[in-house]
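Work through the exercises below with the sequence and the 3D view side by side. Try each task before reading its solution.

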Amino acid sequence: MNNILKELQKDLLHLPRTHPKRRAVAIPAMQALQAELGYLDDAAIEKIAQITGLSTTEAEELATFYSLIYRRPAGRHTVRICDSVCCSMRGADQLLTAAEEYIRTPLGTVTPDGALTVLPGICLGLCDKAPAALVDGEALGPLNDASLKALLQRLQQKD
Amino acid sequence: MEALLTRHLDPVAPLNLVAYQATGGYRSLTSAFDLKPEKIIGIVEAANLRGRGGAGFPCGLKWRLRGADAPSPRYLICNLDESEPGTFKDRYLLYGGPHQIIESIIVSAFALQAERAFIFVRGEYAKGGNALNQAIQEAETAGLLGTNIRGSGFNLQIEAHLSGGRYICGEETAQINAIEGKRPNPRHKIPRPSTHGLWGQPTTTNNVETLINVPHILLNGADWFRELGVNGGCGSKLFCVSGKVKHSGLFELPCGTPARELIFEHAGGLDENRALLGFLPGGASTAFLLPKHLDVPMDFDPIAKAGSRLGTGSIIVLDDATCPVEVTLNLMRFFARESCGFCTPCRDGLPYLTQILTTISSGSGRADDLALLDELCATIASQSFCAFAPGAVMPLVSSLKCFHDHYEHHVTTGRCPFNEANKNGA
């Protein structure tokens with residue numbers, strides 16, 4: 001974590017003169033820390049506040065506003081299943097039920113082996129692949145119960 | 001019509017700088033730098049290029065209203081935060097051809113004499129954002145960005161901002177707050193962002209699809225661009241078709257192409273050749289249209305005249321096996337969840353609408369719920385702070401009108417006629 005922070009602080013020093021407020025790096029800093037840690041714990045929020053000059057509360061407020069910034073632990077692999085209109089019309093609701101049954105843990109939490117977090121997401125811009133999911137940032141679709149279960153199984157076995 | 005905006009897109013292996021230039025890419029810089037910025041704005045105005053992000057505001061007019069004497073630094077924001085359900089056109093542009101985006105930003109920023117541009121990329125498109133960053137670096141190395149670009153004396157720096165992910169960030173002033181690292185609530189529109197935008201400086205925001213038209217307009221002229229459209233529309237348009245159709249997809253067609261052609265020719269017609277119940281013409285925050293509207297040109301004014309909005313030009317198709325109450329409930333759940341929470345009518349009103357719709361959908365609705373929904377929609381839309389809530393209630397208000405019999409049926413029989421499971425139960 002320290003390396004990332006050092007880099008960020010170095011970046012801040014070298015920002016162009018015209019670059020305005022330090023708080024503009026809050027989201028990129030959160031994204032960088034999350035890439036390293038998997039989620040932002042309280043210590044990470046404190047660090048963000050230090051770098052950006054925001055209060056801890058302001059940093060917390062920003063982090064919790066965004067759906068792609070995690071304040072709770074996430075699995076090694078995240079699967080966001082779209083539950084918006086086009087995917088829903090093509091079976092997303094059943095997919096979410098099937099996923100929850102398969103992982104035996106509520107949506108949005110981590111499986112006991114630490115491998116998976118499955119959660120519903122808003123329209124992923126994959127309506128032409130409905131029902132679709134974003135798996136570690138990669139678009140997948142159209143999915144059905146069988147292909148989703150096979151995918152979850154594969155991810156559980158992967159590092 | 002020959003593909004214009006999608007001609008060189010390749011989502012698997014997008015063209016690098018050299019390959020893009022070999023297709024004629026970055027040629028519009030020469031045309032632009034030979035002209036005075038005011039002249040470019042005049043050409044874009046004459047082309048009648050209207051904003052493709054949803055509002056349809058004339059691009060050239062927006063640029064002219066910013067004013068040539070706007071104080072420095074001036075900013076251009078390319079809005080690539082596409083999150084409107086049913087819309088995926090910008091994803092194709094981002095993943096398929098990052099250099100096309102950069103070229104269009106350079107010529108547009110030159111017209112605006114903006115020295116810094118941001119591309120606001122939705123968080124779910126992070127992989128595309130990475131490729132875009134590489135393309136920006138390639139362009140910088142080649143001297144297409146930076147200081148005194150190609151000896152023009154024009155300086156430009158482009159930065160991609162990857163969103164943390166919320167629908168409201170697509171709104172112009174919320175996006176400005178997001179880039180500044182503030183909580184992305186929409187701002188009050190007075191003073192306007194064109195004079196007091198990003199860090200209090202003159203800021204122009206355009207959707208990415210709007211911007212990628214600009215190089216073509218510069219190369220071929222305003223008249224040529226206007227003539228690309230049909231039925232009174234101007235230019236080329238990216239249409240998305242999804243929902244209950246055989247071949248969901250992105251189709252580049254003349255602006256003004258009717259929905260009938262899009263749905264039945266290009267998207268292959270409805271699933272199992274079922275009958276069309278209705279469609280949303282421009283994404284989730286537009287009003288439903290009915291089969292009788294199939295021949296209305298998909299262009300801003302005709303669709304507005306029909307009672308809806310062209311929005312993002314993204315058609316969501318409902319067949320006669322789809323329950324319109326359930327579809328509307330899904331839309332309202334989306335908007336209730338994505339409200340930024342800043343103002344009370346939106347934050348509390350949308351969940352209330354969702355709650356009432358849930359009871360109707362599950363068969364426990366009361367006869368007076370329908371009038372209550374109508375009344376609440378009117379209150380929420382008129383009392384909320386930004387354009388989010390008026391957009392959010394639009395599909396509900398129109399759904400109550402277009403599919404009134406379906407709502408009545410749910411309320412009077414206490415069950416959903418589309419849901420087999422409920423037929424024996426309840």
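**Exercise 1. What volume does the second largest pocket have?**

Start with the ground rules. This is a predicted model, in which local features need pLDDT of at least 70 and side-chain atom pairs count only at pLDDT 80 or more, while totals for chains, interfaces and linings use all residues. Residues are numbered from 1 along each chain as its sequence is written, chains are lettered from A in the order in which they are written, and side-chain values use heavy atoms, without hydrogens and water.

Step 1. Take the volume: the second largest pocket has about 1,300 Å³. (On a 1 Å grid over the protein atoms alone, a pocket is an open set of points with protein on both sides within 12 Å along at least five of seven lines; a cavity is a set where a 1.4 Å probe fits but cannot get out; lining residues have an atom within 4 Å of a point. A volume is the space filled by probe spheres set on the points, which are joined across faces, edges and corners.)

Step 2. Find the lining. The second largest pocket is lined by 45 residues, and Gly53(B), Ala55(B), Gly170(B), Glu171(B) and Glu172(B) lie nearest its centre. Two or more residues each come from α4 (59-66), α5 (89-96), β4 (203-207) and α16 (388-402) of chain B. The largest share, five residues, is from β4(B). (Helices, H or I with at least four residues, and strands, E with at least two, are DSSP runs numbered from the N terminus.)

Step 3. Sort the lining of the second largest pocket by class: twelve nonpolar, 20 polar and 13 charged. (Ala, Val, Leu, Ile, Met, Phe, Trp, Tyr, Cys and Pro count as nonpolar; Asp, Glu, Lys and Arg as charged; the others, Gly among them, as polar.)

**Exercise 2. Which side chain does Arg91(B) join through a polar contact of 3.1 Å?**

Step 1. Locate Arg91(B) in helix α5 of chain B.

Step 2. Arg91(B) counts as buried because its relative accessibility is 9%. (Buried means under 20% relative accessible area, exposed over 50%, partly exposed in between, with a 1.4 Å probe and protein chains only.)

Step 3. Name the partner: the side chain of Asp128(A). (A polar contact is a pair of N or O atoms within 3.5 Å; within protein, one must be able to donate a hydrogen and the other to accept it, and residues adjacent in sequence count only if both atoms are side-chain atoms.)

Step 4. Leaving out residues up to four places away in sequence, Arg91(B) touches residues including Gly125(A), Leu126(A), Lys129(A) and Tyr125(B). (Contact means heavy atoms within 4.5 Å.)

**Exercise 3. How many residues does each chain bring to the contact?**

Step 1. Count them: 36 residues from chain A and 51 residues from chain B.

Step 2. Give the area. Chain A and chain B bury about 3,500 Å² between them, with 57% of it on carbon and sulfur atoms. (Buried area is the accessible area, 1.4 Å probe, that two parts lose on being put together, summed over both.)

Step 3. Pick out three residues. Phe65(A), Met89(A) and Ile122(A) supply 21% of the area that chain A buries against chain B, more than any other three residues.

**Exercise 4. Which helix gives the most to the lining of the second largest cavity?**

Step 1. Take the space: about 50 Å³.

Step 2. Name the helix: α5 (residues 85-89) of chain A, with three residues.

Step 3. Look across the chains. The lining of the second largest cavity includes Cys86(A), Cys87(A), Pro85(B) and Gly86(B).
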